[in-house]
Amino acid sequence: MSRWLAASSGILIAVGAISAVILVVLIGLALLGHAPTTVLTTWFHGAAGSWTRLALSVQEAGPLLLTGLAAAVAFRCGVWNIGAEGQFLIGAVTMVAFGTVLLIPGPGWLILSIVLILSAFSGAAWALLATGLERWRGVPVVLSTILLNFIAVAVVGMLVQGPLHDPTTTAPQTALMAEQMRLPVLVEGTRLHLGVLLAAIIAVALWLVLKRTTIGFEVQVVGLNPDAARLMGMPVGARQVLVMAVSGGLAGFAGAAHVAGVTGMLSGSPVSYGYAGIAVAMLGRLHPLGILVAALFLGMLSTGASGLERRLGIPHDLGDVVQGLLVLAVLVGGGITARRALRPQAEST
Amino acid sequence: MFSLSGISKRFGAVTALAEVSLTITTGRVHGLLGENGAGKSTLMNILFGLLQPDAGSITSGGTALRLRSPAEALRHGLGMVHQHFALVPTLSVVDNVVLALQSSLGRVDRAAWSARLRQRADALRWDIDPAALVGSLATGQQQRVEILKALLAIDQAGSAQRTLILDEPTAVLTPPEVDELLPSVRALAADGVAVVYISHKLAEIARVCDEVSVLRRGRMVHHGPASETQERLAELMVGSPVSHPARPACPAPLTAAVRIAARDIAIRIDGRTVLQDVTLEVRAGEIVGIAGVEGNGQVPLVQALLGLLPPTSGTLTAPSPIAVIPDDRQREALVMPLSVAQNLALRRYRGSPFSHHGWLSPAAWSTHARALMSASDVRAPSPGAAMATLSGGNQQKAVVARELDGDPPVIIAVNPTRGLDVGAASAVLERLVAARDRGAAVLLIHSDLDELLAVSDRVLVLHRGSLADSGWPTCDRAAIGRLMLGGLPLGPRAADPPDVDGLQSPSIPGATS
């Protein structure tokens, strides 16, 4: 009963936050002269008005889902990995390197699988740098992961303009990846690729692991009360390291799947899927299935926003504004319910 | 002159204060002595307007007062200096005073505040630089700033009468700083302040106080001059020896297996010695009690025994894992948002029937939880209810149920009855005795001396990181009280022959020295 209440209150917070933000944005746009009904229909048309548009929204949800899971799995264990952005980039650049200058001969699907895994590992290794700094030098993960994002941007920029640079252009970008290193497309005529399906499978698998295994239970206990976990003899440090590796691995895989599935190369322009992942995780209340829904929603928000720009001339940055507002609204909603839940307890002690 | 008479205060079923009377006189230092939980803070909170008494009256110079808030108490000249300072180290002395006392927005007149500060300090012959950064001052100096702040607050409230409550003022001071503080307290009294000096350090009370009151279990058991002997005060504080039946000597035969063995353990943290020369043995079938005022090394001792804090030197043999009932159940033993069933399985989730090859079997968790809940009388709506929804007593029963599940050979319990009502407390103690009776080695670290003596077979006393054998049950409790307070050292007991008369007429080791 109380479990059901807790779960439904989580959904209620998300739905309430979304409704509140949509209302605020619609009022704002109405003041600028855009009728709310037009905005909504245009947005929906852009996000899911045709199979192609819907496929685009789902494709956009793929990396958001993976970086959202990356953030959630770490946050649930009390490990504040804010570095999905950097881990995403490191995974992406690893993939591009093996897709352009470091081509390995052999059967395409096998090499592709190996390189995807390798890219995930590179993201994990980048994340574990932060864990190492915390273990040996006492640097808080929440700081080092943010700073490592900047370093990752610089490292990738250097590689893109250096060893991985496309010699046929002066633009800061890599060459296009070889065809056998690209992820297969699922729906003809779109760029909805296999990586998105893998992301959904990973979400369900992660949910099962967190809910149904001893390791998932340990992750939960370590996240909620590390002191008690230590006293109960749980491997607290090992779980924190594991969670950081999985988190970085998911972000690295997200980057690799994005370049191998959509762009086919890396350029100097920022992507920001890593930071958006934190928003997705919060909106999904750190629950893998909630994150699946949140990623789809934010994917539609993003493609719908570009529709608004094309048809109504509203800058597509609105999508980012809405995303930021959503996170704020969810945090405020969560804070309110947490205070309400604590109140009777504070009185009884 | 303040007078409290017949003050009573109950919290639910617990009587915190029963008909307590106290008179505080201008120009005198009044010591208030009592163990943890004796009711000192409740009494002071009533005097300070934070709590309302259920019965009794407070009068000042013959007129009855109703103190409903600290501000009201301040208007009657009552100020308090807490054990932990409320100072901002990065601000200057005068800025700290302004921060605390200037309530309205507007220009800060530092010169005026500095002058007032200097004037108060000069009256006490204290040398304080109002422009100095608080963080650069020694702890003793910071404490003076706190006292001056309290005095200026009283001045500001416009009271001619001044009463200052010092709550364990020496708890955070080094011995030389204590030597400096005590004359300062006398200076306060000479300046016309009525001082209430809360402490459980007998030597200080004797040095600084004019008179002393002793609180024990919510009752004022003694009023008198501070010249009372320290033995007598210790006895008054911890209770009379006749109220406890003599216990049988250690029931564990000396041949019983030693389950915990520590030899000459020392622990240093950041160059500070927190534990030294600790030698301890706990055998199967005995409860070894460790008495002591909190903060004398209990935390590092437990951490060392649990393997969380390796000793700097010495040898330690302890099994792993050890069943433990920690001091702070919500922080160390329970995961409040998780269900009762999940909390009860925290020790055993890794094996059958709770999980198989790493996959959980939730049905077994519920069955297990129901069994423990009914066996240990843990009252919860269902095994799926969040631990946070249970009362404190039921939470503690859940911890005890989990830790004693499966008959562990070694148990460590730290203040296991803290915050529990009488019924729940005795249920927890009975579980420990039952565990001892079936052969467990139990180490009980407890700040409630009555309960400790009621269940322990042997009692050691921890003071300033050192363990001393009290000789219990052949010594009397006043001796334990003195050891706890460090008021009087023990005589050289080791050379003494076994005291055959000990049971008939409890001797007080070292009392004649």
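At what angle do the axes of helix α4 and helix α5 of chain A cross? I looked this up in a predicted model, where local features need pLDDT of at least 70, side-chain atom pairs count only at pLDDT 80 or more, and totals for chains, interfaces and linings use all residues. Residues are numbered from 1 along each chain as its sequence is written, and chains are lettered from A in the order in which they are written.

**Helix pair.** I found that α4 (residues 84–99) and α5 (residues 108–137) of chain A cross at roughly 145°, with axes coming within 8 Å. The axes are lines fitted to C-alpha atoms over the stretch in contact, and angles run from 0 to 180 degrees between N-to-C directions. Helices here are DSSP runs (H or I, at least four residues), and strands are too (E, at least two).

I then checked who touches whom, with contact meaning C-beta atoms, placed from the backbone, within 7 Å. Among the residues involved are Ile90(A) and Phe98(A) on α4(A), and Leu118(A) and Trp126(A) on α5(A).

Buried means 20 or more other C-beta atoms within 10 Å of a residue's own. Of its 245 residues, Val195(B) and Ile480(B) touch the most other members. Helix α3 (residues 51–76) of chain A gives the most to this core, 13 residues.

**Chain B.** I noted 16 helices and 21 strands in chain B. Of its 513 residues, 44% are buried.

How values were computed
Contact = placed C-beta atoms within 7 Å. Core = buried A, V, L, I, M, F, W, Y, C linked by C-beta atoms within 7 Å. Buried ≥ 20, exposed ≤ 12 C-beta atoms within 10 Å, placed from the backbone.
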